[in-house]
Amino acid sequence: MELQQFIENVKEQFDDAPDTFGADTRFRELDEWSSLTSLSIIAMVDDEYGVVIKAADIRSVNTVSELFELVKAKA
């Protein structure tokens, strides 16, 4: 699992992600963030990485890199 590919996968879940989207992006603070985006990320993580995460897991992290570390730890 590579961080850069994970960042791209998360970025794809947003309709209009900023150009500066990266490891330090606080994704839940973006204007595009919604419960549907959360569900999309949960589904993407399951499909791409075979890891089941919950909404509470997403709420427990702030940045894309923290989400990456969480998924990596559950893999």
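**Note on the structure**

1. E29 is found in the loop between α1 and α2; helices here are DSSP runs of H or I with at least four residues, strands are runs of E with at least two, and both are numbered from the N terminus. The model is a predicted one, in which local features need pLDDT of at least 70 and side-chain atom pairs count only at pLDDT 80 or more, whereas totals for chains, interfaces and linings use all residues. Residues are numbered from 1 along each chain as its sequence is written, and side-chain values use heavy atoms, with hydrogens and water left out.

2. Is E29 buried or exposed? With a relative accessible area of 57%, E29 is exposed; the term means over 50%, while buried means under 20% and partly exposed lies in between (1.4 Å probe, protein chains only). The C-alpha atoms of E29 and T63 are separated by 9.5 Å, although the two residues are 34 residues apart along the chain.

3. The side chain of E29 also meets that of R26 in a salt bridge, at 3.1 Å from N to O. A salt bridge is a side-chain nitrogen of Lys or Arg within 4 Å of a carboxyl oxygen of Asp or Glu. R26 is partly exposed, its relative accessible area being 39%. A search of the whole structure finds 3 salt bridges.

4. Another salt bridge joins the side chains of D57 and K74 (3.7 Å, N to O). D57 lies in helix α3 and K74 in helix α4, so this pair ties together parts that are 17 residues apart in sequence. D57 counts as buried at 15% relative accessibility, whereas K74 is partly exposed, with a relative accessible area of 43%.

5. E69 forms a salt bridge with K72, and their closest N and O atoms are 4.0 Å apart. Both residues, E69 and K72, lie in helix α4, 3 residues apart, which is about one turn of the helix. E69 is partly exposed, with a relative accessible area of 41%, and K72 counts as partly exposed at 42% relative accessibility.

6. Which residues touch the most other members of the largest nonpolar core? They are F6, I53 and L67, out of the 22 residues in this core. Helices α1 (3–11), α2 (35–49) and α4 (64–74) each supply at least two residues of the core. A nonpolar core is a set of buried Ala, Val, Leu, Ile, Met, Phe, Trp, Tyr and Cys residues joined through side-chain atoms within 4.5 Å.

7. Not counting residues up to four places away in sequence, F6 touches V45, Y49, V64, L67, F68 and V71. Contact of this kind means heavy atoms within 4.5 Å.

8. The length of α2 can be checked against expectation. The expected span of a helix is 1.5 Å times one less than its number of residues. For the 15 residues of α2 this should give 21 Å, and the end C-alpha atoms are 21 Å apart, which agrees.

9. In α2, the residues T37, S38, I41, I42, M44, V45 and Y49 are buried. They cover an arc of only 165° around the axis, which puts them on the same side of α2; the arc is that of the directions from the helix axis to the C-beta atoms. What covers these buried residues of α2 includes α1, α3 (55–59) and α4. The face of α2 turned away from its buried side carries the exposed residues S35, L36, L39 and D47.

10. S34 caps the N-terminal end of α2, with a side-chain oxygen 3.3 Å from the backbone nitrogen of L36. Just after α2, G50 takes a positive phi of about 65°.

11. T37 has its place in helix α2 and counts as buried, at 6% relative accessibility. A polar atom of the T37 side chain lies 3.4 Å from the backbone oxygen of E32. Not counting residues up to four places away in sequence, T37 touches Q13, F14 and E32. A polar contact is a pair of N or O atoms within 3.5 Å; within protein, one must be able to donate a hydrogen and the other to accept it, and residues adjacent in sequence count only if both atoms are side-chain atoms.

12. E8 is found in helix α1 and is partly exposed, with a relative accessible area of 32%. The C-alpha atoms of E8 and F21 are separated by 8.7 Å, the residues being 13 residues apart along the chain.
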